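Please walk through this model with the sequence at hand.

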Amino acid sequence: AKIAIMGKLRHITGRSKVVECVDFVTEFILSTDRKLVIFTHHQDVMDMLEFKLNEWLADGGFDKVCMLKASMNGSQRQAVVDRFRDGQSRILLCIFTEGVNLQFCSDAIILERQWTPTKEEQTEDRFHRFGQVNPVSITYFIASGTIDEGLTELVEVKRARITATMDNVEVAWDQASLMKE
């Protein structure tokens, strides 16, 4: 029952971050010519982002977002990635998904934290592939005073333990470095 409550709180928190994410994205689009990928966990969070971003993009004369949904098969996913890479759209919305190469893009947002560090590392690794020529910037949205803080601590402790076990190295975790104003 506790895990279900945590899942519900995580979902509510994801929904609550949409407006701030849209603000971040609009500033990004206006200040750079780069592309941006936004990862969500819940489909309705992605749908809210799509609606709000497309509304802003249309008003500004920009192309609509591309969307990569979990329900798509491999060829459908690749077609969306190709359209994003080669087209005018500068924003790709993704449900956490496997088997996608995004080395042509160097900026991403992880809007909803995952339960495990490996899921997040897999996501980050989509950008660190052969052909990447720019420094990669991944922004984690963490809502202060919500389940995000506990989830962040949980994931980072897991990451430190996995790293220590796999590499026989002790990893110090600095909570202050993760929390941004």
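D148 counts as buried, at 2% relative accessibility. Buried means under 20% relative accessible area, exposed means over 50%, and partly exposed lies in between (1.4 Å probe, protein chains only). This is a predicted model, in which local features need pLDDT of at least 70 and side-chain atom pairs count only at pLDDT 80 or more, while totals for chains, interfaces and linings use all residues. Residues are numbered from 1 along each chain as its sequence is written, and side-chain values use heavy atoms, with hydrogens and water left out.

What does D148 pair with? The side chains of D148 and K17 meet in a salt bridge, at 2.6 Å from N to O. A salt bridge here is a side-chain nitrogen of Lys or Arg within 4 Å of a carboxyl oxygen of Asp or Glu. K17 lies in the loop between α1 and α2, and D148 in helix α6 (residues 147–167), so the pair ties together parts that are 131 residues apart in sequence. Helices (H or I, at least four residues) and strands (E, at least two) are DSSP runs, numbered from the N terminus. K17 is buried as well, at 5% relative accessibility.

By this rule the model holds 5 salt bridges. Side chains of opposite charge can pair when their charged atoms come close. Another of the pairs is D44 with R15, where the closest N and O atoms are 2.5 Å apart. This pair links distant parts of the chain: D44 is in helix α3 and R15 in helix α1, 29 residues apart. D44 is partly exposed, with a relative accessible area of 24%. R15 is also partly exposed, at 38%.

Now take helix α4 (residues 74–86). D82 and R85 both lie there, 3 residues apart, about one turn of the helix. They form a salt bridge, with the closest N and O atoms 3.3 Å apart. D82 is partly exposed at 26%. R85 is partly exposed at 36%. Salt bridges that share partners join D82, R85 and D86 into one network.

Next, go back to helix α1 (residues 2–16), where T13 lies. Is T13 buried or exposed? T13 is buried, with a relative accessible area of 6%. Its side chain reaches the backbone oxygen of L9 at 2.8 Å. That is a polar contact: a pair of N or O atoms within 3.5 Å; within protein, one must be able to donate a hydrogen and the other to accept it, and residues adjacent in sequence count only if both atoms are side-chain atoms. T13 also touches A143, T146, I147 and D148, not counting residues up to four places away in sequence. Contact means heavy atoms within 4.5 Å. I12 is in helix α1 too. I12 counts as partly exposed, at 48% relative accessibility.

The last stop is the nonpolar interior. A nonpolar core is a set of buried Ala, Val, Leu, Ile, Met, Phe, Trp, Tyr and Cys residues joined through side-chain atoms within 4.5 Å. Of the 21 residues in the largest such core, V25, I38, L49, L53, I91 and L93 touch the most other members. The elements that give two or more residues to this core are α2 (18–31), β1 (36–40), α3 (43–60) and β3 (91–95). The largest share, 6 residues, comes from α2. V25 touches L36, I38, L53, I91 and I109, not counting residues up to four places away in sequence. Apart from this core lies another, of 17 residues, among them M72, V81, V100 and A108.
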